[in-house]
Each structure stands twice: as C-alpha cells, then as structure tokens.
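My entries follow in the order in which I made them.

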Amino acid sequence: MSPTPPSAPSPALRRVAIVAGEASGDQIGADLIAALRARHPGLDIFGMAGPRMRAAGCRALAEVDELAVMGLVEVLRHYPRLCRLRARLIAALIRARPDVLVGIDVPDFTLEIERRAKAAGIPAVHYVCPQVWAWRAGRLPAIREAVDLVLALFPFEVPFLADHGIEAAFVGHPLADRIPAEPDRAAARAAVLPDAAPAGGPLLAVLPGSRPQELARHAALFLDAALAFAARHPGTRIVFGALNAAAAAELEKRLAQRAPATGPAPLVVVGRASELLAAADVALLASGTVTLEAALSGTPAVVAYRLAPLSWWWLRRAVKVPHVALPNLLLGERLLPELLQDAATPAALADALDAWLAAPARIADYRRRCRALHASLAAGSGAAAAAAIERLVAARAGTA
C-alpha cells in the first residue's frame, strides 16, 4: 500500500505547530519540517522541539528532552511536572492559533494537546499511530475525539483505524527512507572503526537505550553480555551506540569501571546508530525503534528489556500481541530473539548472539525477509506526511 501522491501546495497553510517527544520524534519532525518548507518557504513553524527540529527551522517553546521518562513508576513520579508542561503548551498553542497542530508520538502527552486544539477549532494531526492494535485499545475513542487525522507508519494501521471511525493516511516509515536496502557494510565498518579491526573478529553493536532509566537498567547487563560474547570470539570489537553526549558520558563512566580480560576495550560512538548497525555482524538492542532500524539494515540482533518490577507486572497484563520487537510484529514471526526482564541475563544474551553467528543460512533468510519489509515501508514519509497535512488543512478551509 503506497501513500497518496503529493498534491499541489495548499494556500491555506501558513503556520504550523508541532509537538514532538523524544529523539525519534525530533527526527520525524525535522523531516516533516523540511518537506513543508520545500513547499512553503515562508512557513512559520513552532512547538516542542529537539535539536534536529530547531536546525530545520522550528521555534522551540519547549524541549523534547523534557519528556525523557518511561515506565509506569517513572511517569507517576514526574506526572505533576508533565501536566504543568502540557498546560503551558496548550495555552501557548491556542493563543497562537496555527493552521494545524501536529503531535508526534508520545500519545499519553500529545493526545490531550491535540484534543484541546481540535476543540478550539484547530485541525489536529497525530503522527505515528499509537500501538492500540497491541495494547490499550480502550483509548481508541479518545483518539477519535482528539484528532482529525492519524499519519500511520505501517500500512495495516489504516484499515484498523478506519474500522474504529478514525481517519488515517499511510505515509511510510522515515527509517526506511534513510536506511539503504543494501547497506555498504565495509564502508560503515571502516567509518565506525577507523583503526582496522583484527582479522576475523566480529563487530558487536550494543545499543542499550537512550533514556536515563534504560541506561540504568541495561548498561551493566549489556556490557556483561558483550564481554561474555567477546570471550568466546577472539578479536571481537564491542561498540556501544549512544544517542547523545549525556548518554555517552554515562556509558563511558560505566565502561571505565570494567575492562575486558583480553582483546580491545569497548568503544562508544555518539549519534550514529544506523551506521553502527550497518557495520555490525550482530547487535544487542534494547527493545524500541532501534530494532526496526536493525531489521531495515539487515543486521542480526538480539532484543532485551528490563523495567521496574511494577511496570513489568502491569505491562505483561496490558500487552495483547505475541512479540515486543517491531520487526517480529510486522513479519508475524519471532525472527529476533526477545529476552525480557528476568530472562535477560548476560549468559542468555551471549548465547543468543552466538546462535546468530553459528547459522549463516538463518542470517541469509533473515536478510531476505528484511529486504521485503524495507520495500513495504519506504514511501517518502516526509513528503507524504506534508501532503496529507495540506489536504486536511485545505479541506477544513473549504479549498479542497
């Protein structure tokens, strides 16, 4: 299923508000801003932004880092602050009266902003469909009330939402637009490891997450697993991926406390997840969007995640799908091993990484499946999203 072809720019679109959360939303927002500005050079864009959105020309009323919390316990602890932030944004956006409001992901935060904007007569768009097909289906009526349009990253979400009376448009996944279907692994490895790696040594990419809570729960676990794997494979290069300088500093501190018994010391690279995954022979990942990034790169991976005990207890009862990793959900099969909570031990993770390297035919089949997945999701997401937003605004203005 492909998105509707871009239309001619709408004369009704002059001011756009965007509220993004987290780094992935910041990147999606930056792609959308670039596409909108290409069609409307004088467009005024403002909202909740990160460094990529600001660089693309968004005036920041708040920072995406202010939402960097996850898990039931963690969110409850920060709830009063998050409510104050949301109220401040709602007041500012309604005063500004943009032609359209686009909330990107983090539905627990953005849907209320979208609902209030829609009630005030501002067309409201939610970019990245909440995973209501997996859990919390009870929020579907709230989505229907809050938004005029959902921009979906996956084709199956459009008919699912239509069955619940919610208008949606498939725009493709931004990662599939940025990641080559056939990455140049040798060039990526040379870029990540400018000093030549020992012959025959695998490159293990380790991405333990970006939020402080994720690093606290995963950094030591993932390091122990990586060192156990490296002990079995002489010459292994362990490279940790960090989203930003703060995450890199935390990882560097933890790595300094642990040195491998033999072989090269682990490295940390910042903001280069796609390149690192393309370079890697195998990867150890925290569950999240990075798992899809690995699949689109054709990189064999093992997925792990730990939460606070209360958050884990609640999540086990709320989730209604058989897999947590996005590639497994999209392909309908557990191609990427998932080790969650108490099952995520250093030995179990090292064994699962080993199993990939011991099965070349498994890797070849996995990459074949991943190429098909890549083709289904590459749809020029920024331009497709911009065109869908223009159509909505034009329709609301009576110019469609």
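This is a predicted model: local features need pLDDT of at least 70, side-chain atom pairs count only at pLDDT 80 or more; totals for chains, interfaces and linings use all residues.

**Entry 1: strand β12**

I began with β12 and found both faces covered: Ala301, Val303 and Tyr305 are buried on one side, Val302 and Ala304 on the other. I take buried as under 20% relative accessible area, exposed as over 50%, and partly exposed as in between, with a 1.4 Å probe and protein chains only. Helices (H or I, at least four residues) and strands (E, at least two) are DSSP runs, numbered from the N terminus. In a regular strand the side chains alternate between the two faces of the sheet. For β12 (residues 301-305), 5 of the 5 residues are buried, so the strand is largely enclosed by the rest of the structure.

Residues are numbered from 1 along each chain as its sequence is written, and side-chain values use heavy atoms, with hydrogens and water left out.

**Entry 2: partners of β12**

Which strands pair with β12? Strand β11 (residues 282-286) runs parallel to β12 and is joined to it by 4 bridges; pairing requires that DSSP find at least two bridges between two strands. Ala283 stands opposite Ala301 of β12. From β11 the chain passes through helix α12 (residues 289-297) to β12, a right-handed β-α-β crossover. Right-handed here means that, with the strands pointing away from the viewer, the path from the first strand over the helix to the second runs clockwise.

Strand β13 (residues 338-340) also pairs with β12, in the parallel sense, over 3 bridges. In this pairing I found Tyr305 opposite Leu340.

**Entry 3: helix α12**

I then checked the crossover helix. In α12, 8 of the 9 residues are buried, so this helix is largely enclosed by the rest of the structure. The buried residues include Val290, Leu292, Ala294 and Leu296, and also Glu293. Gly298 follows α12 and has a positive phi, near 70 degrees.

**Entry 4: cores**

I looked up the nonpolar cores, meaning sets of buried Ala, Val, Leu, Ile, Met, Phe, Trp, Tyr and Cys residues joined through side-chain atoms within 4.5 Å. The largest has 104 residues, and those with the most contacts inside it are Val16, Ile18, Leu32, Val102, Tyr127, Leu151 and Leu349. Helix α9 (residues 212-232) gives the most to this core, with 10 residues. A second, separate core has 17 residues, among them Met48, Leu67, Leu89 and Ile113.

What does Leu349 touch, leaving out residues up to four places away in sequence? I listed Leu221, Phe222, Ala225, Leu284, Val302, Ala304 and Leu339, with contact taken as heavy atoms within 4.5 Å.

**Entry 5: single residues**

Leu101 is in strand β4 and is buried, at a relative accessible area of 2%. Its C-alpha lies 4.7 Å from that of Ala17, 84 residues away along the chain. Beyond four places in sequence, Leu101 touches residues including Ala17, Val19, Leu93, Ile113 and Val125.

Is Asp105 buried or partly exposed? Asp105 is partly exposed, with a relative accessible area of 22%, and sits in the loop between β4 (100-104) and α4 (107-119). Its phi is positive, near 60 degrees, in a residue other than glycine. Outside four places in sequence, Asp105 is in contact with Ser24, Thr110, His126, Tyr127 and Val128.

Gln341 is not a glycine either, yet has a positive phi of about 50 degrees. Gln341 lies in the loop between β13 and α15 (346-357) and is buried, with a relative accessible area of 9%.

**Entry 6: totals and confidence**

I counted 17 helices and 13 strands in the protein. Of its 400 residues, 52% count as buried.

The mean pLDDT is 87, and 88% of the residues reach 70 or more; pLDDT is the predictor's confidence in each residue, from 0 to 100. Over residues 69-73 pLDDT stays under 50, and the model has 18 contacts beyond four places in sequence for them.
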